[in-house]
Amino acid sequence: MRTATIERRTTETQITLTLALDGTGKGDVATGCGFLDHMLQLFARHGRFDLTLRCTGDTWVDDHHTVEDVGICLGRAFRQALGEMRGIARYGNFLLPMDETLVLCAVDLSGRMALGWQMNFPSQKVGAFDTELCREFWLAFVRECPCSLHAVQMAGDNTHHLIEAAFKGLARALSMAAAIVPGQESEIPSTKGLLG
Ligand SMILES: [Mn+2]
């Protein structure tokens, strides 16, 4: 079973996260940040990951520490659950439409970190949520689970749609990249013989 449980405690956040890569899309998420909960519920659903997450964070400051630290824990869980990456597809991509919005998402589980975040949100806030934190989330993710991860805004003018499309598209792309390819279960998909 490709699963991982992460516990992380700092003076800013206390987080427990369990991830199953080969799940059914069950999200049980409570971070204290409603917008992040919404994004992670649909991330689990569209990636068909099982994700259980509890976070108590210093949201009286703002949501920055909570969002960044949940990104750290999710990336760490992905990296652990992937193990030696034997048999995985390695690459994944998805072009996700949501009403007027279109976001191109692509992932290479290469073992090297790069974030291509070409998203321009018209609003700085969605409800109480600071939209600049989305980039912080995915930056934290790729630092902990070294991969090339790109989100490119092709169209769209509603900020809630744009963020939601990125999370859904990245869930689909990550799911595709992490999937085991039938008949290639023992292979590491690199001419180097190693991902990392
Ligand atoms: Mn929504």
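Leaving aside neighbours within four places in sequence, Trp138 is in contact with Phe43, Leu115, Trp117, Leu149, Phe167, Leu170 and Leu174. This is a predicted model. Trp138 is also among the residues that touch the most other members of the largest nonpolar core, which has 65 residues. A manganese ion is held by three protein donor residues: His38, His160 and Glu164.

**Nonpolar core**

- Alongside Trp138, the residues touching the most other core members are Leu40, Phe78, Leu109, Trp117 and Phe141.
- Helix 4 gives the most to this core, contributing 11 residues.

**Manganese site**

- The donor atoms are NE2 of His38, NE2 of His160 and OE of Glu164. They lie 2.1 to 2.3 Å from the manganese ion.
- Along the sequence, the donor residues follow the spacing H-x121-H-x3-E.
- His38 sits in helix 1 (residues 34-47) and Glu164 in helix 4 (residues 159-178), so this pair ties together parts that are 126 residues apart in sequence.
- His38 is partly exposed, at 33% relative accessible area. Glu164 is buried, at 7%.
- Glu164 counts as buried because its 7% relative accessibility falls under the 20% cut-off.
- Beyond neighbours within four places in sequence, Glu164 is in contact with His38, Met39, Leu42 and Met98.

**Lys26 and its loop**

- Lys26 lies in the loop between strand 2 (13-20) and strand 3 (27-30).
- Lys26 is exposed, with a relative accessible area of 59%.
- Setting aside neighbours within four places in sequence, Lys26 is in contact with Ala44, Phe49, Asp50 and Leu51.
- Lys26 and Gln41 are 15 residues apart in sequence. In space, their C-alpha atoms are 7.9 Å apart.

**Surface patch**

- Leu95, Leu104 and Met154 form a nonpolar patch on the surface. Together they have about 270 Å² of accessible area.
- Met154 belongs to strand 10 (residues 148-155).
- Met154 has 49% relative accessibility, so it counts as partly exposed.

Technical notes: Residues numbered from 1 in each chain as written. Predicted model: local features only at pLDDT ≥ 70, side-chain atom pairs only at ≥ 80, totals over all residues. Heavy atoms only, no water. Patch = residues over 30% accessible without salt bridge, like charges linked within 9 Å, V, L, I, M, F, W, Y side chains within 5 Å. Areas by Shrake-Rupley, 256 points an atom, 1.4 Å probe, with all protein chains shown as cover. Salt bridge = Lys/Arg side-chain N within 4 Å of Asp/Glu carboxyl O. Helix = DSSP H or I, 4+ residues; strand = E, 2+ residues; numbered from the N terminus. Buried < 20%, exposed > 50% of the residue type's maximum accessible area, 1.4 Å probe, protein only. Donors = N, O, S within 2.8 Å, 3.2 Å for Na, K, Ca; no water. Core = buried A, V, L, I, M, F, W, Y, C linked by side-chain atoms within 4.5 Å. Contact = heavy atoms within 4.5 Å.
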